[in-house]
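Work through the following exercises with the sequence and the coordinates open beside you. Each task is followed by a solution that goes step by step.

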Amino acid sequence: MEAWENSLKKCITSPEELAGLFHAQGEDLAQVVRRYPMRITPYYLGLIREPGDPIWRQCVPDPAELHDFTQSPDPLDEERLSPVPGLIHRYPDRVVFLVSTACAVYCRFCMRKRGVGCQGMSPAPVDEAVAYIASQPQIRDVILSGGDPLLLSDDRLDQILTALRRIPHVEIIRIGTRAPVTLPERVTAKLARMLKRHQPLYVNTHFNHPREITGQSARACARLADAGIQLGNQSVLLKGVNDDPQVMRDLMQRLLAIRVRPYYIHQMDLVQGTAHFRTRVADGITVMAALRGHTSGLAVPHYVIDLPGGKGKVEVASARFSPDGSRLTVRNYLGDEIEYRET
Ligand SMILES: *Cc1c(COP(=O)(O)O)cnc(C)c1O
Ligand code: SF4
C-alpha cells in the first residue's frame, strides 16, 4: 500500500472522533454527516489551529448545511447536460469527465455536494465516456474532475489518460484536484513520472487560504511543475475563509511563489447546503480591486460566476449592476443576456 492510501485509512470521518480531539460537541453533527459525508485527512486536520478557523470551516460539518432549503442541489444543471453518465458537455469544444466521486477531504462548500462522497453519484463508466468523446470531433479539451481524480490509483489514472490520448482530436487534458492541498503525499515521484507521459497536461488545484500553503503542499506542486506540468489554481470565495482582500492577496502571491498560477476565483454556486458560505458579488469586487495594480498581474485571476442553468461561466468584470446592486446583467459566451440574482 502506498503512503497516501495509508493516510486515507487514518482520516477522521465521524463527529465523535472530532469531538474527542477538539472538545467540541459532536451530537449536532451526526445528522449533517448522514446527509453529507465528512472526511478529513491527518495532514489537513493538522492545519487547524482552533475550531472555527478558516481550515476548520472548510472541512468540519456545520448544522447550517441542513437548514438551507432555498437553493437547488444542481443549479448548474449538470445532470441535464450529461450525454452519458458522469460526463458534462456544456461547451462544444470541452467536456468535464467525472472519473471519481471520492475526495481526500469533503469540502463543506462543494458544488457537487449532491453526490460527491455519497452513494448517489457514480463515476463515469470509462468506456462509455471515452467512446462518446471519440465520437465528438469538436471536443479538444477534456477536464478530469469528480470528486478528485487523484484518488484513483496511478494505474487506473494512467489507463484513462492513455485511452484519451488515443483520440486524435483531444488536444489537451486538464486534471482538477485538491490533493496538493489536502493530501500532498499523494503527489509522489511515480505519479509525476506517469503524468509526464501524457503531456500536454494541465493541473488545476484548489487552494483557498494562505495557511494551506505549507512545505508539504509546496513540494507536491514543485514535483508536478518539475514534470513540466502547468499548474493553475481555482479558489472559491468563502465567507469567513478568504472574503478578505489581504487574505486573498496573500494567497495569490504565495501561490505564485510555489509555481501555481491563479486562474479563477469563483463566486459560490447557488448549491443547496452551502448558503452559509456565500458572499456578495460586491465583496468579491472589493477583493479583486485589492489585487489589480497592487500586486503582480500574474497574481490576478479571473473572477467568475458559473451561471445557473448551465449557461456558462461569465466574468464579473463585464457585468452591469441594477441601481440597488442586487441584480447583475451579464452576457454569456453565446451572446445571451442573462440576469443573475444573488439569492
Ligand atoms: C468550468 C467548466 C468548463 C471549463 O471552463 P474553462 O473556462 O474552459 O476553464 C468546462 N465545462 C464545464 C461544464 C464547466 O463547468
Ligand atoms: S475536493 Fe473538490 S470535489 Fe472534492 S469535496 Fe472538495 S470541492 Fe468538492
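Contact means heavy atoms within 4.5 Å, and helices (H or I, at least four residues) and strands (E, at least two) are DSSP runs numbered from the N terminus. This is a predicted model, in which local features need pLDDT of at least 70 and side-chain atom pairs count only at pLDDT 80 or more, while totals for chains, interfaces and linings use all residues. Residues are numbered from 1 along each chain as its sequence is written, chains are lettered from A and ligands numbered from 1 in the order in which they are written, and side-chain values use heavy atoms, with hydrogens and water left out.

**Exercise 1.** Determine which residues of H11 are buried and what covers them.

*Solution.* Begin with the extent of the helix: H11 runs over residues 245-257, and its 13 residues reach 18 Å from the first C-alpha to the last, close to the expected 18 Å, where the expected span is 1.5 Å times one less than the number of residues.

Next, apply the accessibility classes (buried is under 20% relative accessible area, exposed over 50%, partly exposed in between, with a 1.4 Å probe and protein chains only). Met248, Leu251, Met252 and Leu255 of H11 are buried. They lie on the same side of H11 because they cover an arc of only 95 degrees around the axis, the arc being that of the directions from the helix axis to the C-beta atoms. An α-helix has 3.6 residues a turn, so residues three or four places apart point the same way.

**Exercise 2.** Classify the pair formed by tyrosine 91 and tyrosine 333.

*Solution.* Rings of Phe, Tyr and Trp (its six-membered ring) pair if their centres lie within 6.5 Å, and planes under 30 degrees apart count as stacked, over 60 as edge-to-face and the rest as tilted. The structure holds 4 aromatic pairs. In the one made by tyrosine 91 and tyrosine 333, the centres are 4.8 Å apart and the planes stand at 65 degrees, so the pair is edge-to-face. The two residues are 242 residues apart, and the pair thus named links distant parts of the chain.

Then compare accessibility: tyrosine 91 counts as buried at 11%, while tyrosine 333 is partly exposed at 39%.
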